[in-house]
Amino acid sequence: MNTFFESFSTREIAIIVWLLITVITCMFFKNIRNSMLYVIKSLFAWKISVSLVALFAHTGFYIFILYNLNFWNISLLKDSIILVLSFGFISLMNISKVNNTKYFKNIFIDAIKWTILIEFITNFFTFTLTKEFFLIPILFFSGILQVKASMTSEHKKVEELIKNILTYFSIFVLFYSFYKTIQEYREIFNIESLKSFLLPVILTITFIPFIYLYTLIVKYEELWIKLNFLMRNESQRKKIKRQIIFVANLGINKLTNISQNIAKPLNVYNDYSINMLKQISKGKYIESHP
């Protein structure tokens with residue numbers, strides 16, 4: 001367990017401390033406290049709970065495999081938890097925004113960007129805990145000020161000033177990291193560092209089929225709810241559902257097209273044919289008369 005705690009960088013420790021301070025402070029304000037409790041209660045809604053349990057079980061299964069392959073060890077637990085709670089959880093919450101397979105094609109590229117820019121370049125070398133402790137809130141509030149200033153044209157100069165400061169600081173950190181990488185290359189280029197570098201990529205690859213399947217289930221559920229409003233005849237509705245499964249199958253693009261375009265053929269043209277479903281699954285429809 002000592003190895004687990006030693007895996008935290010000074011920056012990560014500073015972030016955790018500030019998060020705890022923020023949470024404790026918020027608990028003194030009734031409105032914020034009630035909002036936080038509502039969010040926590042929402043996480044225990046059965047659908048969200050089942051989704052999170054499935055996500056953790058899925059990740060645990062692949063970590064078990066990596067452990068048996070002598071790739072994963074306790075020093076990678078922190079990286080695994082961060083990845084699940086960031087990429088995994090956010091991906092689940094953004095399922096409703098997924099309308100085509102391009103989303104999944106970009107996941108792997110984003111994972112590589114995240115690994116290179118954050119895990120490898122900026123997290124290998126950090127400042128002392130004291131410096132990180134004061135640096136984190138400064139950067140955080142600077143980012144908020146930049147966003148706030150960008151909302152009005154009157155504060156354009158303030159936005160540019162903060163943006164330039166953050167840019168110069170990022171460049172400094174980048175060059176500092178490269179300098180330390182060259183200076184201490186023997187400590188960086190080792191097996192443990194390589195594992196830490198590859199873990200987010202490997203776990204992201206394993207997340208893709210899980211997120212895809214979860215998206216498919218959500219899309220089908222949303223479509224079934226829509227059909228319950230569009231069609232009163234239960235036997236006809238069951239027939240359409242079977243036909244949709246046959247046409248769309250595991251295709252998210254087809255399923256999304258059907259969901260977005262099925263109302264008019266059903267309600268206006270009274271077309272319940274499988275040919276209609278095939279047409280709208282491709283994003284087009286020509287009235288047919290079965």
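In what order do the elements of the protein chain run from the N terminus on? They run α-α-α-α-α-α-α-α-α-α-α-α-α-α. The protein chain holds 14 helices and zero strands. Helices (H or I, at least four residues) and strands (E, at least two) are DSSP runs, numbered from the N terminus.

This is a predicted model, in which local features need pLDDT of at least 70, side-chain atom pairs count only at pLDDT 80 or more, and totals for chains, interfaces and linings use all residues. Residues are numbered from 1 along each chain as its sequence is written, and side-chain values use heavy atoms, with hydrogens and water left out.

Take the whole chain to begin with. It has 290 residues, and 33% of them count as buried. Buried means under 20% relative accessible area, exposed means over 50%, and partly exposed lies in between (1.4 Å probe, protein chains only). The accessible surface of the protein chain is about 18,800 Å², with 68% belonging to carbon and sulfur atoms. Areas come from the Shrake-Rupley method with a 1.4 Å probe; for residues, only the protein chains shown count as cover. Contact means heavy atoms within 4.5 Å. Among contacts with a separation of 6 or more, 71% link residues 24 or more positions apart.

Isoleucine 24 sits in helix 2. It counts as exposed because its relative accessibility is 52%.

Next comes the stretch around helix 5. Asparagine 70 lies in the loop between helix 4 (46–68) and helix 5. Its phi is near 60°, a positive value in a residue other than glycine. Asparagine 70 is exposed, at 64% relative accessibility. Helix 5 (residues 77–93) contains isoleucine 81, which is partly exposed at 36%. Isoleucine 81 and phenylalanine 56 are 25 residues apart in sequence, yet 9.5 Å apart in space, C-alpha to C-alpha.

How many salt bridges does the structure hold? There are two. A salt bridge is a side-chain nitrogen of Lys or Arg within 4 Å of a carboxyl oxygen of Asp or Glu. One joins lysine 78 and aspartate 79, at 3.2 Å from N to O. Both of these residues are buried. Another pairs glutamate 234 with lysine 238, with the closest N and O atoms 3.5 Å apart. These two are four residues apart in helix 11, so about one helical turn separates them. Glutamate 234 is partly exposed, at 46%. Lysine 238 is partly exposed too, at 44%.

Helix 11 (residues 234–248) also packs against a neighbor. Its axis comes within 9 Å of that of helix 12 (residues 252–261), and the two cross at roughly 140°. Helix 11 is therefore oblique to helix 12. Ile244, Val247 and Ala248 of helix 11 make the contact with Lys254, Leu255 and Ile258 of helix 12. Axes are lines fitted to C-alpha atoms, for helices over the stretch in contact, and angles run from 0 to 180 degrees between N-to-C directions. Angles under 35 degrees count as roughly parallel, over 145 as roughly antiparallel, 65 to 115 as roughly perpendicular, and the rest as oblique. Asparagine 249 lies in the loop between helix 11 and helix 12. Its phi is positive, about 55°, although it is not a glycine. Asparagine 249 is partly exposed, at 45%.
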